[in-house]
Amino acid sequence: MTTTLGAAELAAVRADFPLLTRTVRGGRPLVYLDSGATSQKPEVVLDAEQDFYTQRNAAVHRGAHQLAEEATEAFENARAQVARFVGADEDEIVWTSNATAAINLVAYAMSNATAGRGGAAARRFALAPGDEIVVTELEHHANLVPWQELAARTGATLRWLGVTDDGRIDLSGLADVVSERTRVLAFTHASNVTGAITDVAPLVARAREVGALTVLDACQSVPHLPVDLHALGVDFAAFSGHKMLGPTGVGALYGRRELLEAMPPVTTGGSMVEVVTMESTTYAPPPRRFEAGTQMVSQAVAMGAAATYLGELGMDAVAAHEAELTVALLDAVSSVPGVRIIGPTTPEHRLAAVSFVVDGVHAHDVGQVLDDAGVAVRVGHHCAQPLHRRFGVAATARASAAVYTTVEEIAVFREALAGVRTFFGLED
Amino acid sequence: MSTGMEQLYQQLILDHAKHPAHRGEQEAYDVEVHHVNPTCGDEVTLRVRVDGGSIAELTWTGQGCSISQASASVMAQAVTGRPVTEAMDLSGEFRELMDSRGELPAAWESRADDEDDPLGDAVAFVGVARYPARIKCALLGWSAMKDAVSQAAGTEETR
């Protein structure tokens, strides 16, 4: 039995986040329920970035001076911190500018392999007409559009798994949609809209059966759940720093070692090479093969600090606390007449991110009324237009929590939500 | 509710959102345009018929927040029957209102009371200008109108 964060621990966590103490809209306490879009940052993360620039700033992986050594150590130590946090080995973590860039990196590496780059070892990534790429209707645009583009460039066909009425990946079509022709199966670990947590095992099992590569969008899972990528058995995974209490401008691609070793580079230039002549170039081993040019060193260091912060809280405790928030959020939204949840209405296998529609009131107007009470939610299609189309709505409002969220805040949100339809003159 | 909210959602805006003017799909039209607001998914489809340099008929359909729907309604009322050049001027004036940061520009002060002023109802949108994220909602219908009308006027000249 995992223990959740106690009241004192939660208060201590909140005290770590300077922004949470500010007020909005004429002095109202901020109720930040938009962590699914981006999380707030604890002081240790801000300090890590500041400390890097005030104490260690230098170019990494070059230079013989002490600062260069210390900067390189901080940079690589951050990689180890992030790797440990997600159950990966250090050399399986590639820094990217964000999670979208991580997914695009895999898609463009496959393009390059299709064009014959990377030699015989990279042939396993080459696509041809007749090959299929499978995604799901639940995906964020970041895990859909790069695959549409890869299909268009290579002549492969894009197929997808549907979504159930409660907002989960529909696995009933798995054996049919994922076939011997499937070369890539890309899917989200947890939906940024419905909050549904994917049962990864059957998807990985089916992909292995047919020899397809798996690409996991772990943006929403890594900040909120214990994630062990080796145990999940996926081939690639992408996640961002800014959603897991880290800074913007940095994300990570996880790739199984043997795959990264066989994969051709995408962005080329300095820092990712071995021997360069005027005619040709040999490339560094991963992860550096995929890290051309000056890296986002201070952000990487701060992302490492974020991983360590969460790791020290304990992701079991974080998940247990957020499970309580899930129950509170679902109760809050279901208790208001005229409000419908898009996604699972019960807390099992579900994140504390709840999207909903208010009958007769557009999501934008819902968000505005909540904002007036100091409650920050996301409104719109949350970069998932096909999913909204699947549910016949143009936009939803989404309340999403993080480790620093309290049930008291959710009560403020509930109160404000209850006033929305009244404000627009609609009866219950 | 705060004063800001009361100014944002003035009764006139809520009324227009509930009972939008010129909402529909006219059969005879020169140009149809479809404009979307990609950040929130709001959309408007607008048809226009230009005759003798004036907007003879304009109708629209769409989905979106109360601000975008009310603004399209006020826009349609304001420009229908007016010369194209005048409609473009009105659009520019509305844009100025949106850039006012919520302080009613001096030139707008008497407009609400002037029954003949095509932008009389548009004064209600001054509160929107206080919320930067909502300005694009209020401009959606206007930008569709400008696009459609300039295309239709161009076609008419070459006819």
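Predicted model: local features only at pLDDT ≥ 70, side-chain atom pairs only at ≥ 80, totals over all residues.

Chain A has 15 helices and 17 strands. Its radius of gyration is 22 Å, close to the 22 Å that the globule rule gives for 428 residues, so chain A is as compact as a globular protein of that length. Chain B has 5 helices and 3 strands, and reading from the N terminus its elements go α-α-β-β-β-α-α-α. For chain B the radius of gyration is 15 Å, close to the 15 Å from the globule rule for 159 residues, so it too is as compact as a globular protein of its length.

Here are the overall dimensions side by side:

| Chain | C-alpha extent along the principal axes |
|---|---|
| Chain A | about 75 × 55 × 40 Å |
| Chain B | roughly 50 × 35 × 25 Å |

Where the chains touch, chain B puts in 13 residues and chain A 16 residues. On the chain B side, that contact splits into 7 nonpolar and 6 polar residues, with no charged ones.

**A sheet in chain A**

Let's look at one sheet of chain A. Here 4 strands make an open sheet in the order 13-14-17-16, with antiparallel pairing. Which strands stand at the edges? Strand 13 (339-342) and strand 16 (378-380) of chain A do; each has a single partner strand, so one side of each is left without a neighbour in the sheet. From one strand to the next, the twist averages 30°.

Further in, strand 14 (residues 353-358) and strand 17 (residues 396-400) of chain A pair in the antiparallel sense over 4 bridges. If you'd like a pair to click on, A:Ser355 has A:Arg398 in strand 17 of chain A as its bridge partner.

Two helices pack on this sheet. Helix 11 (residues 315-334) of chain A touches strand 13, strand 14 and strand 17, and its direction makes about 5° with that of strand 14 of chain A. Helix 12 (residues 363-372) of chain A touches strand 14, strand 16 and strand 17, and its direction makes about 160° with that of strand 16 of chain A.

**The sheet in chain B**

Over in chain B, 3 strands form an open sheet in the order 1-2-3, and the pairing is antiparallel. Strand 1 (31-37) and strand 3 (54-63) of chain B are at the edges, each with a single partner strand, so one side of each has no neighbour in the sheet. Neighbouring strands are turned by 20° against each other on average, ignoring direction.

Strand 2 (residues 42-51) and strand 3 of chain B run antiparallel and are joined by 9 bridges. B:Val44 stands opposite B:Gly62 in strand 3 of chain B. Helix 3 of chain B packs on this sheet, touching strand 2 and strand 3, with its direction at about 170° to that of strand 3 of chain B.

**Helix pairs in chain B**

Helix 3 (residues 66-79) of chain B also packs against helix 2 (residues 11-18) of chain B, at an angle of about 85° and with the axes 8 Å apart. The two helices are therefore roughly perpendicular to each other. On the helix 2 side the contact has B:Ile13, B:Leu14, B:His16 and B:Ala17, while residues from helix 3 include B:Ile67, B:Ala70 and B:Val74. By class, this contact comes to 6 nonpolar, 4 polar and no charged residues.

How do helix 4 (residues 84-98) and helix 5 (residues 132-158) of chain B cross? Their axes come within 10 Å and cross at roughly 160°, so the pair counts as roughly antiparallel. The crossing is left-handed. Among the residues that meet here are B:Met88, B:Phe94 and B:Met98 from helix 4 and B:Leu139, B:Trp142 and B:Lys146 from helix 5 of chain B. This contact has 12 nonpolar, 1 polar and 1 charged residues.

Most residues other than glycine have a negative phi, and most peptide bonds are trans. Two spots in chain A are worth a look with that in mind. A:Pro286 and A:Pro287 are joined by a cis peptide bond, with omega about 0°. A:Pro287 sits in the loop between strand 12 (281-283) and helix 10 (297-313) of chain A. A:His61 has a positive phi, near 60°, though it is not a glycine. You'll find A:His61 in the loop between helix 2 (43-56) and helix 3 (66-85) of chain A.

Note on methods:
Residues numbered from 1 in each chain as written. Chains lettered and ligands numbered in written order. Pairing = 2+ DSSP bridges. Axes fitted to C-alpha atoms, helices over the stretch in contact; angles between N-to-C directions. Contact = placed C-beta atoms within 7 Å. Nonpolar A, V, L, I, M, F, W, Y, C, P; charged D, E, K, R; others polar. Parallel < 35°, antiparallel > 145°, perpendicular 65-115°, else oblique. Left-handed = near helix turned anticlockwise from the far one by under 90°. Rg over C-alpha atoms; globule rule 2.2 N^0.38 Å.
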